[in-house]
Each structure stands twice: as C-alpha cells, then as structure tokens.
Amino acid sequence: MLLLGAVLALGTVGIAWATAGLAPIVHARQSHFKALGRAAKSLRDQIGRSEPDWSIVASDAREIERLAAALPSWFPEGSGRGHGVKTRARAAIWAKPQEFGQAARRLLNRAQDLTRAAATRDPRALALRTRALGQACGSCHRRFRARSSWW
Amino acid sequence: MTAEAPTNGRVRVWDFPTRLSHWTLVSLFGVCWWTAKSDHMRWHRIAGYGVLGVVLFRLAWGFCGGQTARFGDFVRGPAATCRYVRKLLGHRGEDAPAPIGHNPLGALSILVMLALLLTQTTLGLFAVNVDGFASGPFARWVSFGTGRRFAHLHAATFQLLLAMIGVHLAAIGFYRLARNESLVPPMIHGFKSRAPSGVVPYFVPWWRALFLATGIFLFVALLLSMR
C-alpha cells in the first residue's frame, strides 16, 4: 500500500515536472508560429495592391526566412499531443521525421525564393512566390497539425 | 378536413421567393459546411457571399413581399407568443385565430436564424485562417490576431447555427407527430391543404422580387469591390 502510494506520488511529481518543462517549449513554439502568421498575412495583404510596399515585403520575407530556418528546432521529442500541454502538434511529426523535415525544408526553400522575388520588385513574381509559400504552410498543417486550418 | 375548408381544399401560403430563399439557404449552408471541412476556401467564400445575399433579400422581402413573408404579419409580442404556447400544450385558452403563415414560435426562430446567419457571414468577411493566407475579403483591415479571433467566433456561431437547425428540425417532427401537420411539403410547393378560418393571404407581383434581388446582387457586389 505504502509502495503503491509512493509510486503514485512519484508518478504525479514526474508528470508535473515533465509538464512544467514542456509548457514553455510549446508556448514558445506557438508564439514563433504566430509571428510567422503575422508576417505571412502582412505579406499577403501587400499582394492585392496595385503597387506593393516593397520595404514591408522585404522585411516580411526576411522574417519568414529567419523563422523557417529555425522551425525544426521548435519540435523537441515528446512535445506533441498527449503529454499534458495543449498543442496541435501531431504525433506524426516524430513518427515520420523524414517527411516532417522535408516539409520544413520546403518552407525554407520557398521562403528563400520569396526573398529573391522581393529583391526583383516584380509584382507578378512576388504573387507567384507568395502563393507557393502559402501552399508550403498549408500542406504541412494538413499533415502535421490537428484540426482544420480555421481552428 | 374541417367544415369551412374551401372545396378544392388547398390554399396558397408561401410565395415563390420565400420558398426559393429557404431552400437556397439550406443548400448554401451545406456547401459552406463541406467547403470549410475540406478547406476549399475559394468556394467557401463564394457560397458565403450567396448566404449574405439571400439573408439580405429575405430581410427586405419581410417588408415588401407577400403577406405570409412579412415580419409585420407574423412577428408577435411576448403575450401573444405565450398564449400560442399555452394553446399548443393543450391548455385551451381564449380562441385566437390560427395564423395562416408562421406561428409566433416559428416567427421567433426565423428572427434568430436570420440574425445568426447575418452575424456568421459578417464574421466570415474578416476571418483569417491559421496560415494567414486564406481569409475573408475584408481581412486586410484587421490584424492577424484579430482575424484569428474572427475565425474563432465564426466557428462558434456555426455551432449555434447547428443547434438552431436542430431546434427547427425538432419542431417539424413535433408538428408531424403531435399535431399531424406536415410543414415540409408546403415549403416546397407553397400550398397547405387546410385553410384555417378560410382566410386567403395576399401576394405581390413576381417582378418585385426580381427587382429586389437585382438590387441586392449589386449591393453585395459593390460591398465586395470595396476590399
């Protein structure tokens, strides 16, 4: 009985400790993603204009490229769903590391294309690269993020 | 059949624009649901503009359509609604004439449904998805965070709409089982078999609906061109 109690107590402490360590990781990840979303929307808002504000476009592109390069480091092993912290990171991220890595690399490549297009100041190239970037976000979310893209 | 029913036994209750609005809303709601689930945002937006147009049309038709479509004809105050509910539950009170068109409870559900749909389409105009790429036409006027909040409210209102549709269907079932009255066929062909108290509602010429629909189409097109 005492042993069982001790095991239970240890288990609870263990979970609490793991959760305490996990929460900042998940929250940091989500705030990085929010920054990515802000930059992506700001970029998208420039596309519909007759003449985009190229300084905004350039800084958004730089921000997206920077975040895309860091993205793989936001997903340490065991920071997905089912570890006590609310997250939409699916277990598939760690079950299929190759595919996830590919999706992340694809984002980085498209972000680099975007930075180049921004430098040319060609609105049509920019629109094309922005759309391609959006597809890189969406296809990863469909596979590795739980729930529809509206939640 | 009651004794005072006319010999042909049928009386026209719903005009064509009212029925068309109803079934268009049903179909567009289905399209919106499916396109949201499957992430077909282009079609979701188009169907949403359609819902906005139909709701605006129905609101306007409530002021200049046929008698049974008019809010002034079927929207009742709390006292009359309570009286109706008491009668429905079998407490025979004073005999209020049975309405030809919507009853006071139906009126309430129409108001709630139209209000929810108008809220829903308005929220959608500003909503932004998680990528920041798919968004309503007016999302440029709000920040990413605000657009996400609009999207979450959009999803919450959808739940309310589902609940309201559930109530609507339950009411249809109740009338069918407890009162032996079919509400669906009249909404399809426009006729009811019994003429309550022999009253025949008035209707308005069809070109009025055409005129109104054209105006609302132009209004929605103009609204969307502002983005």
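Chain A of this predicted model contains 5 helices and 0 strands, and its elements, read along the sequence, follow the pattern α-α-α-α-α. Chain A meets chain B in an interface that buries about 1,800 Å², and across that interface the rule finds 0 salt bridges, although the structure holds 6 salt bridges over all chains.

**Chain A as a whole**

- Of the 151 residues that make up chain A, 36% count as buried, while the chain exposes about 8,900 Å², with carbon and sulfur atoms supplying 60% of that area.

**Salt bridges in chain A**

- Side chains of opposite charge can pair when their charged atoms come close.
- Arg66(A) forms a salt bridge with Glu63(A), and the closest N and O atoms of this pair are 3.3 Å apart.
- Arg66(A) and Glu63(A) are separated by about one helical turn, because they stand 3 residues apart in helix α2 (residues 54-70) of chain A.
- Within this pair, Arg66(A) is exposed, with a relative accessible area of 52%, whereas Glu63(A) counts as partly exposed at 25% relative accessibility.
- A salt bridge also joins Glu99(A) to Arg143(A), with the closest N and O atoms 3.5 Å apart; Glu99(A) lies in helix α4 (residues 97-120) of chain A and Arg143(A) in helix α5 (residues 123-144) of chain A, so this pair ties together parts that are 44 residues apart in sequence.
- Both partners are partly exposed, Glu99(A) having a relative accessible area of 31% and Arg143(A) one of 34%.
- In a further salt bridge the side chains of Arg129(A) and Asp113(A) meet at 3.8 Å, N to O, and the pair links distant parts of the chain, with Arg129(A) in helix α5 of chain A and Asp113(A) in helix α4 of chain A, 16 residues apart.
- Arg129(A) counts as partly exposed at 33% relative accessibility, as does Asp113(A) at 23%.
- Asp113(A) and Arg129(A) also belong, together with Arg116(A), to a network of salt bridges.

**Interface of chain B and chain A**

- The size of an interface is often given as the accessible area lost when the parts come together.
- Here the area buried between chain B and chain A is about 1,800 Å², and carbon and sulfur atoms give 63% of it.
- In terms of contacts, 20 residues of chain B are in contact with 20 residues of chain A; of the area that chain B buries against chain A, Phe133(B), Arg140(B) and Phe144(B) supply 39%, more than any other three residues.
- Helix α6 (residues 144-178) of chain B contributes 5 residues to the side of chain B that touches chain A, which is the largest share.

**Nonpolar surface patch on chain B**

- Trp23(B), Val26(B), Val184(B) and Ile188(B) form a nonpolar patch on the surface, and together they have about 330 Å² of accessible area.
- The elements giving two or more residues to this nonpolar patch are α1 (16-37) and α7 (184-189) of chain B.
- Ile188(B), placed in helix α7 of chain B, is exposed, with a relative accessible area of 52%.

Terms used. Residues numbered from 1 in each chain as written. Chains lettered and ligands numbered in written order. Predicted model: local features only at pLDDT ≥ 70, side-chain atom pairs only at ≥ 80, totals over all residues. Heavy atoms only, no water. Patch = residues over 30% accessible without salt bridge, like charges linked within 9 Å, V, L, I, M, F, W, Y side chains within 5 Å. Areas by Shrake-Rupley, 256 points an atom, 1.4 Å probe, with all protein chains shown as cover. Salt bridge = Lys/Arg side-chain N within 4 Å of Asp/Glu carboxyl O. Helix = DSSP H or I, 4+ residues; strand = E, 2+ residues; numbered from the N terminus. Buried < 20%, exposed > 50% of the residue type's maximum accessible area, 1.4 Å probe, protein only. Contact = heavy atoms within 4.5 Å. Buried area = accessible area lost by both parts, 1.4 Å probe.
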